[in-house]
Amino acid sequence: MSSTVHDPVCALTDPADIALVDCDVHAGHNTIDDLVPYLPDVWQRYVRETGYKGPPAPEYPKVKPMAMRDDAHPPGGVRPGSDRKFLTRQHLDAYHVDRAVLTPLYGADCEPNADLAAAMCSAYNDFMIEHWLEVDDRLFGSMFVPFTDPEASVREIERIGDHPKIVQLLFFVGSGVLFGKRRFHSIWKAAEQKNLAVAMHWGSRLPAFAAGERPSYYLEYHTNLAQTAMAQLVSLVCEGVFETCPKLRAVMIECGFAWLPALMWRLDKNWRGCRIEVPWLKRPPSEYVYEHVRFTSQPIEEPDDPNHLLRIIEMAGEHMLMFASDYPHWDFDSPTRALPSIIKGDLRDRIMYRNAVEFYGLT
Amino acid sequence: MKRHVLGQLEDIEDGTIQARDVGGRNVVIARHGDRIFALRDVCPHQGAKLSNGVMSCSRKNARVGEHHVNMDQPVIRCPWHNWEYDLDHGTCLTHPTPLAVAAYRAFVEDGQIIVET
Ligand code: FES
């Protein structure tokens with residue numbers, strides 16, 4: 001399980017001027033008024049007539065308002081992450097972020113009304129392109145698709161998937177579905193054809209269960225979403241997504257990574273006895289993960305002995321981890337302080353920028 | 001090389017396995033049509049007796065949603081963790097690193113089962 005035995009999909013040489021890539025920056029809109037101009041007339045009327053304010057809010061109160069850093073609220077009371085000048089000054093410029101992958105957490109794709117979901121996803125995508133991606137060379141973006149309607153999702157990928165600043169489709173890990181299921185394969189095929197990655201980000205807009213029940217506390221919810229990420233990862237592999245789409249790349253964002261080696265040991269071991277169920281897997285399941293999937297670093301695990309973290313990164317493979325800050329959320333990781341100092345040299349460079357440059361093909 | 005006569009072919013039903021003592025060795029013999037196979041009767045994983053497992057055929061590599069039996073590759077599945085061993089060579093089909101159980105030359109001669117150890 002080392003980086004030398006698994007050829008990453010989409011390996012490139014790194015551009016000389018990139019030294020920090022932040023793979024999880026939450027930039028986006030302030031209120032639904034920002035998005036309405038991008039909706040077709042019928043949905044503009046719908047918003048006015050029904051008082052629709054957007055997808056449902058997350059179900060748990062967070063430890064801070066909107067789960068934001070206390071110092072990330074821009075002047076004027078707008079939503080953290082919605083004021084481009086403020087975000088640029090406080091984060092991109094302050095830390096010399098060379099490239100940032102924007103990951104708006106909106107949840108339009110989780111709307112139960114599939115047509116509203118499709119309209120809101122398109123509006124959000126167009127808003128992001130115009131207000132963020134096309135105004136700063138450093139910024140790359142994620143697009144939403146209304147995944148409950150795979151045909152509409154493919155149409156949206158066809159519509160904007162060629163945009164040079166869009167690098168991935170974005171989903172909540174807790175979307176109430178397992179994304180490996182066959183009904184979604186047409187979406188992954190379309191993403192593969194456009195060379196877009198598939199990103200699964202921590203979070204949910206639907207009740208997130210653990211062991212069959214909703215946990216009582218945000219503390220539990222926050223921690224348990226790693227389990228949901230595990231389930232999504234295992235689903236993608238076992239359902240043969242990477243056999244059907246051999247060039248597809250996926251990234252798990254904000255879901256932790258220290259669990260990866262143990263999960264892969266367990267999955268490979270079980271596969272040895274259960275292979276007849278999934279004859280399309282031609283290799284041990286972990287090989288698909290180490291080849292096709294990457295993980296972002298935040299919230300970085302902080303064991304008392306940082307050597308333990310280093311050992312786990314080495315076990316997973318040096319190519320697997322990409323730095324992310326999660327700005328402006330309360331559990332932000334500082335680009336200068338998050339990685340322990342024992343992570344240095346080539347490994348540090350890989351995590352801070354090279355793995356992301358290779359994975360996303362950033363220039 | 002020692003040659004052991006283990007009785008008549010019809011003593012073992014097609015598609016089944018039997019535990020045999022072959023010159024003091026525990027051996028599992030298997031019949032697939034008119035062919036006979038013999039493997040050491042110990043799983044290299046955690047030591048189960050393979051003769052307590054089941055005989056079948058492997059599955060062909062397939063596209064998602066397709067399932068095809070590979071009639072040309074009879075296998076024995078371990079009674080414990082279900083690892084699959086190719087009866088021809090004793091190779092484990094689901095282990096990422098080479099792993100095999102000892103395979104003995106076995107054949108039918110004049111209606112008799114012969115195993116060489
Ligand atoms: S003992 Fe045979 S597979 Fe484990």
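**Interface and sheets**

Modeller: This is a predicted model. Between chain B and chain A, the count of salt bridges is 0.

Biologist: What makes a pair of residues count as a salt bridge?

Modeller: A side-chain nitrogen of Lys or Arg must lie within 4 Å of a carboxyl oxygen of Asp or Glu. Between chain B and chain A the count of such pairs is 0.

Biologist: How many residue pairs are in polar contact between chain B and chain A?

Modeller: There are 4 such residue pairs, both members being at pLDDT 80 or more. The cut-off for a polar contact is 3.5 Å between N or O atoms.

Biologist: How do you know that chain B and chain A touch, and how many residues take part?

Modeller: Contact requires heavy atoms within 4.5 Å. On that criterion, 17 residues of chain B are in contact with 16 residues of chain A. The area buried between the two chains is about 1500 Å², and carbon and sulfur atoms give 58% of this. In chain B, the residues losing the most area to chain A are B:Arg59, B:Val64 and B:Thr94, which together account for 37% of what that side buries.

Biologist: Why are β1 and β8 of chain A said to stand at the edges?

Modeller: The sheet of chain A is open and has 8 strands, in the order β1-β2-β3-β4-β5-β6-β7-β8, with parallel pairing. Strands β1 (21-25) and β8 (321-322) each have a single partner strand, so one side of each is left without a neighbour in the sheet.

Biologist: What makes β6 and β7 of chain A a pair?

Modeller: Pairing requires at least two bridges. A:Val251 has A:Arg294 in β7(A) as its bridge partner.

Biologist: Which strands of chain B pair on one side only?

Modeller: In chain B, 6 strands form an open sheet with antiparallel pairing, ordered β1-β9-β8-β4-β3-β2. Its edge strands are β1 (3-8) and β2 (17-22), each pairing on one side only.

Biologist: How do you know that β8 and β9 of chain B pair?

Modeller: They are joined by 5 bridges and run antiparallel; at least two bridges are needed, so they pair. B:Phe107 has B:Ile114 in β9(B) as its bridge partner.

Terms used. Residues numbered from 1 in each chain as written. Chains lettered and ligands numbered in written order. Predicted model: local features only at pLDDT ≥ 70, side-chain atom pairs only at ≥ 80, totals over all residues. Heavy atoms only, no water. Buried area = accessible area lost by both parts, 1.4 Å probe. Polar contact = N/O pair within 3.5 Å; in protein donor to acceptor, adjacent residues only side chain to side chain. Helix = DSSP H or I, 4+ residues; strand = E, 2+ residues; numbered from the N terminus.
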